[in-house]
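Please look over the chain below before reading on. The briefing that follows starts from its contacts and then turns to single elements and residues.

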Amino acid sequence: MVVLDFGGQYSHLIVRRCRDLGVYTELLPFDIPVEELKRGADGRTMGIILSGSPFSIHDPESPRCSPEILELDIPILGICYGAQLIAQMRGGEVEGGEKREFGRAELLFKPDSVLFDGLTSDNAGNTPKLNVWMSHGDVITRVENAEIIGYTRNSPVAAFHILNTGIYGLQFHPEVHHTDRGERILWNFLYLICGCKRNWTIESFISDRIREIEREVGDGRVVCGLSGGIDSSTTAVLIHRAIGDRLTCIFVDNGLLRAGEREEVLDTFRNNLKLNVVFVDARERFLTGLRGITDAEKKREVIGRLFIEIFEEEARNTGADFLAQGTIYPDRIESAMASASGSRSAPGSSGRAGRSGRASRIKSHHNVGALPPKLGLKLIEPIRDLYKDEVREVAKELGIPESIIKRHPFPGPGLAARVIGEVTDEKLRIAREASRIVEEELRRSGWYDRVWQAFAMVGDDLATGVLGDARSMGRIVTVRVVESKEAMTADFVRLPYEVLEAISRRITNEVRGVTWVTYAISSKPPATIEPC
């Protein structure tokens with residue numbers, strides 16, 4: 001299975017959904033020569049999915065694949081921009097919508113279409129309905145020689161099938177978990193329309209990666225940037241399986257860690273997992289480098305640069321040739337970076353796979369955007385093509401402790417991602433103490449394992465409060481709790497009021513300098529999970 005990438009934020013998510021369903025899938029650039037796809041028509045390329053895009057179909061610079069792709073005898077599924085592109089290339093019409101659709105929408109669909117096979121609805125006797133996830137401004141109004149198999153209030157052509165072909169289009173995103181039964185829709189395309197066979201598992205991923213690491217590293221040595229989170233932990237254990245004691249993990253205290261994190265990480269990896277861990281106290285180095293910087297991107301750049309400098313220093317001390325990082329796909333896609341190539345190539349990366357170069361940068365991740373053009377080490381990123389939930393599956397298979405697997409994600413820039421504006425000692429203290437309270441109250445109430453991520457953030461805004469009988473001014477702390485599956489989309493969690501009340505009461509009572517507590521209720525998109 002092939003996904004043609006038009007720069008959409010969910011392009012790789014389509015790939016991993018197909019892999020979840022047991023079909024090996026590659027992400028290829030939208031302008032790949034048609035001849036290469038033709039060579040796959042004998043059974044190697046079972047189907048083609050056209051991704052979404054940040055571009056409008058009417059933009060003269062919008063990415064276009066060759067219309068000849070529609071003439072190949074290969075089933076095709078267009079998603080969002082991909083569906084609009086099919087409609088336009090087939091002589092249909094795509095217009096700028098009067099009302100944009102972002103978020104959930106109600107789809108009415110034809111149940112007799114093979115694409116919707118097996119989907120049922122509670123409103124028996126009426127047109128079946130399905131909640132789907134939309135993210136578009138343009139609207140398909142007409143498709144030549146096609147059957148309309150689904151529509152929403154604002155999209156008259158939300159799903160279509162080109163008659164007498166295996167070509168389908170969906171204006172919504174079946175790959176995101178916010179679309180009800182989205183995986184079933186993709187399953188129908190893969191197995192009923194394309195005739196795919198199951199050929200992809202987590203076990204095969206692990207064995208392939210270990211062999212590739214062994215081949216790539218040879219007799220060399222590796223340093224691995226270790227944060228204690230699930231991504232870097234999985235990377236470290238995976239590489240240790242491949243090369244043993246020739247791996248040295250580097251744990252850096254940059255002054256931006258969570259409460260108690262240094263002690264917990266060192267104990268887990270030295271005493272439980274028995275890995276060789278070098279500890280570097282760089283708190284003063286990082287906080288000095290961040291002084292006076294308010295722009296979020298610049299903060300990430302500084303943090304990334306300092307991490308790389310330290311890793312290179314430690315690599316010289318250990319004689320390492322390679323740097324391993326726990327980069328995962330959301331890091332790369334939000335940084336709008338191309339797939340690795342040349343000296344940055346990663347074991348497990350297909351030589352063909354690559355971003356289209358049309359993706360929009362959302363935020364630079366410290367382990368992606370700060371890499372120097374001439375990195376003094378060869379880069380190894382064995383889980384760079386996985387999403388967070390896939391990483392957790394790999395971690396379970398590798399026997400990594402549940403305390404790490406179930407731990408909430410923590411951003412690479414640490415608490416700097418949760419301090420809006422300049423990073424100061426006071427704001428770091430508030431973010432650290434308030435986040436600890438959020439996690440404690442979620443554990444106490446039984447909500448910690450039911451949510452994806454939870455933390456507190458702080459900026460420069462002040463609000464009036466009352467301390468005793470006196471007026472006081474203090475910081476505004478914002479609590480963020482979200483549910484997600486792979487971090488590419490997220491929704492805020494509807495916590496019970498009594499849990500929110502307990503969190504607010506404790507923060508204002510226990511965290512010095514805070515007068516107000518607010519709760520963030522924006523979903524991703526349009527927001528991101530972390531504020532910076």
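Among contacts (heavy atoms within 4.5 Å) in the protein between residues at least 6 apart in sequence, 77% join residues at least 24 apart. The model is a predicted one, in which local features need pLDDT of at least 70 and side-chain atom pairs count only at pLDDT 80 or more, while totals for chains, interfaces and linings use all residues. Residues are numbered from 1 along each chain as its sequence is written, and side-chain values use heavy atoms, with hydrogens and water left out.

**Overall make-up**

- The protein has 14 helices and 18 strands, where helices (H or I, at least four residues) and strands (E, at least two) are DSSP runs numbered from the N terminus.
- Of its 532 residues, 57% count as buried, a term for a relative accessible area under 20%, whereas exposed stands for over 50% and partly exposed for values in between (1.4 Å probe, protein chains only).
- Met 134, found in strand E6 (residues 129-142), counts as buried at 0% relative accessibility.
- Met 134 and Arg 104 are separated by 30 residues in sequence, yet their C-alpha atoms are 6.1 Å apart in space.

**A pair of helices**

- Two packed helices are described by the angle between their axes and the distance between the axes.
- Helix H5 (residues 202-217) and helix H11 (residues 388-398) have axes that come within 10 Å and cross at roughly 75 degrees, which makes H5 roughly perpendicular to H11.
- The axes are lines fitted to C-alpha atoms, for helices over the stretch in contact, with angles running from 0 to 180 degrees between N-to-C directions; angles under 35 degrees count as roughly parallel, over 145 as roughly antiparallel, 65 to 115 as roughly perpendicular and the rest as oblique.
- On the H5 side the contact is made by Ile 202, Glu 203, Phe 205 and Ile 206, and on the H11 side by Glu 390, Glu 393, Val 394, Glu 397 and Leu 398.
- By class, this contact of H5 with H11 has five nonpolar, no polar and four charged residues, given that Ala, Val, Leu, Ile, Met, Phe, Trp, Tyr, Cys and Pro count as nonpolar, Asp, Glu, Lys and Arg as charged, and the others, Gly among them, as polar.

**Cavities**

- A search of the whole structure finds two cavities of 30 Å³ or more, a cavity being a set of points on a 1 Å grid over the protein atoms alone where a 1.4 Å probe fits but cannot get out.
- The second largest cavity holds about 30 Å³ of space, a volume being the space filled by probe spheres set on the points, which are joined across faces, edges and corners.
- Its lining, meaning residues with an atom within 4 Å of a point, consists of Ala 296, Lys 299, Arg 300, Ile 303, Pro 413, Ala 416, Ala 417 and Cys 532.
- Six nonpolar, no polar and two charged residues make up the lining of the second largest cavity.

**Backbone exceptions**

- Most residues other than glycine have a negative phi, and most peptide bonds are trans.
- Asn 164, in the loop between strand E8 (159-162) and strand E9 (167-170), is not a glycine but has a positive phi of about 65 degrees, and this residue is exposed, with a relative accessible area of 80%.
- Arg 181, in the loop between E9 and helix H4 (182-193), also is not a glycine and has a positive phi of about 60 degrees; Arg 181 is partly exposed, at 39% relative accessible area.
- The peptide bond from Lys 524 to Pro 525 is cis, with omega near -10 degrees, and Pro 525 has its place in the segment after strand E18 (514-519).
- Pro 525 and Pro 526 are joined by a cis peptide bond with omega about 10 degrees, and Pro 526 lies in the segment after E18.

Conventions. 1 Å grid on protein atoms, 1.4 Å probe; cavity = no way out; pocket = protein on both sides within 12 Å on 5 of 7 lines; lining within 4 Å.
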